[in-house]
Amino acid sequence: MILITQPNFDITTQWISCWSTEISKLATDRKIKVVVLDGIRANRKEFESVIKKISPKLVFFNGHGSDKTVFGHKNEPLVIMGDNEDQLAGKIVYSLACLSAKTLGPECINKGTRAYIGYIEDFIFFHDITKISNPLSDQIAGMFLEPSNCIMKSLIKGHTTQMSWEHSQQCFKRKITELVMKGDRVSINTYLPHLFWDMQNQVSLGDPNASL
Amino acid sequence: MTQEEKLIQDIVIARLNTMPSNIAISIGNEGEFSKKEIIDHVKNNDNIGKKMIEIQLSYLQSLKNLTDYLIPEQHDTYHTA
């Protein structure tokens with residue numbers, strides 16, 4: 001079972017939550033039960049209730065974050081270090097939330113989380129503002145969000161956390177290679193530095209052999 | 001600001017100036033920024049501007065090992081995973 005949070009209250013959460021819908025579809029296609037906490041349902045009460053009721057093996061956070069917190073809808077804290085990180089004990093976590101792998105991630109591992117993949121710095125992406133009615137058609141955002149989704153796709157296919165992280169790193173490198181080969185000024189000056197940034201700040205903590 | 005810091009700031013602004021006008025940047029909790037807004041942050045040398053400088057410098061330093069980050073198509077194992 002997989003739990004996915006999809007807050008949706010600003011451009012960033014709109015884009016990443018929209019891009020995460022392909023993950024729930026892939027899991028469903030593979031007969032894996034998925035519970036999605038979208039919009040206002042991405043709140044702490046619902047989150048803790050679902051964790052208790054269905055005990056998902058994999059939790060996929062989309063949203064904002066800090067070094068000690070993962071947030072839900074309208075930045076309501078879902079997981080706070082020193083408060084409720086034990087909710088993630090025994091689970092594999094992928095957190096597409098800025099900074100959360102810096103301090104919260106290691107503490108989750110200390111408290112029994114099997115593996116925690118996330119970012120030790122801000123996750124940065126570019127997006128095309130003309131695609132606001134359909135963020136999934138935004139190929140610029142896709143350069144950044146496809147490597148992120150690669151983590152979840154790989155985990156759903158049964159790969160280990162280490163392999164899933166490696167697949168994502170490889171996906172980043174494929175995007176970097178494409179941009180270098182393309183060689184235009186926007187790609188080189190604008191997108192490339194931030195792809196490097198996201199790739200280099202993505203970490204996998206805990207058991208490298210953990211899998212669904 | 002030293003001459004060197006000013007030079008780096010100018011380089012980052014020049015690079016960000018290539019952003020198309022329909023593209024915006026999302027920086028985690030900081031929010032979303034248009035080309036003009038993000039360049040203004042760099043000019044103001046505030047926290048967001050400093051982050052942009054850090055990212056560009058980190059990238060430029062990575063260039064000496066660029067080949068470590070490139071994958072020839074035949075070595076791309078993801079699609080067979």
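**Entry 1: chain B, overall**

I began with the surface of chain B, which exposes about 4700 Å², with carbon and sulfur atoms supplying 50% of it. I note that this is a predicted model. For secondary structure I found 3 helices and 2 strands in chain B. Read from the N terminus, their order is α-β-β-α-α. Of the 81 residues in chain B, 40% are buried. I then took the contacts in chain B with a separation of 6 or more; residues 24 or more positions apart account for 42% of them.

**Entry 2: N45(B)**

I looked up backbone angles next. Most residues other than glycine have a negative phi. N45(B) has a positive phi, near 55 degrees, and is not a glycine. I located N45(B) in the loop between α2 (35-44) and α3 (47-62) of chain B. Its relative accessibility is 28%, so I put N45(B) down as partly exposed.

**Entry 3: chain A, overall**

I moved to chain A and listed 6 helices and 9 strands. Along the principal axes, the C-alpha atoms of chain A fill a box of roughly 50 × 35 × 35 Å. Buried residues make up 58% of chain A. For contacts between residues at least 6 apart in sequence, I noted that 69% join residues at least 24 apart. The accessible surface of chain A is about 7900 Å², and 51% of this belongs to carbon and sulfur atoms. I also looked up the charges: chain A has 24 positive and 22 negative ones, and their mean positions are 6 Å apart.

**Entry 4: strand β3 of chain A**

Why do I call strand β3 of chain A largely enclosed by the rest of the structure? I checked residues 58-62 and found 5 of the 5 buried, so the strand is largely enclosed. In a regular strand the side chains alternate between the two faces of the sheet.

Which strands pair with β3(A)? One is β1 (residues 2-6) of chain A, which runs parallel to β3(A) and is joined to it by 4 bridges. Here I found I2(A) opposite L58(A). Another is β6 (residues 92-96) of chain A, paired with β3(A) in the parallel sense over 5 bridges. For V59(A), I noted V93(A) as the bridge partner in β6(A).

**Entry 5: P56(A)**

I then looked at the loop between α2 (44-54) and β3 of chain A, where P56(A) lies. Is P56(A) buried or exposed? At 1% relative accessibility, I count P56(A) as buried. I listed what P56(A) touches, leaving out residues up to four places away in sequence: M1(A), I2(A), L3(A), V50(A), I51(A) and K91(A). I also noted the C-alpha separation of P56(A) and I4(A), which is 9.7 Å for residues 52 apart along the chain.

**Entry 6: N75(A)**

My last entry returns to backbone angles. N75(A) is not a glycine, yet I read a positive phi of about 60 degrees for it. I placed N75(A) in the loop between β4 (69-71) and β5 (77-80) of chain A. With a relative accessibility of 33%, N75(A) goes down as partly exposed.

Conventions
Residues numbered from 1 in each chain as written. Chains lettered and ligands numbered in written order. Predicted model: local features only at pLDDT ≥ 70, side-chain atom pairs only at ≥ 80, totals over all residues. Heavy atoms only, no water. Buried < 20%, exposed > 50% of the residue type's maximum accessible area, 1.4 Å probe, protein only. Pairing = 2+ DSSP bridges. Contact = heavy atoms within 4.5 Å. Areas by Shrake-Rupley, 256 points an atom, 1.4 Å probe, with all protein chains shown as cover. Lys, Arg positive; Asp, Glu negative; His and termini not counted. Charge placed at Lys NZ, Arg CZ, Asp CG, Glu CD.
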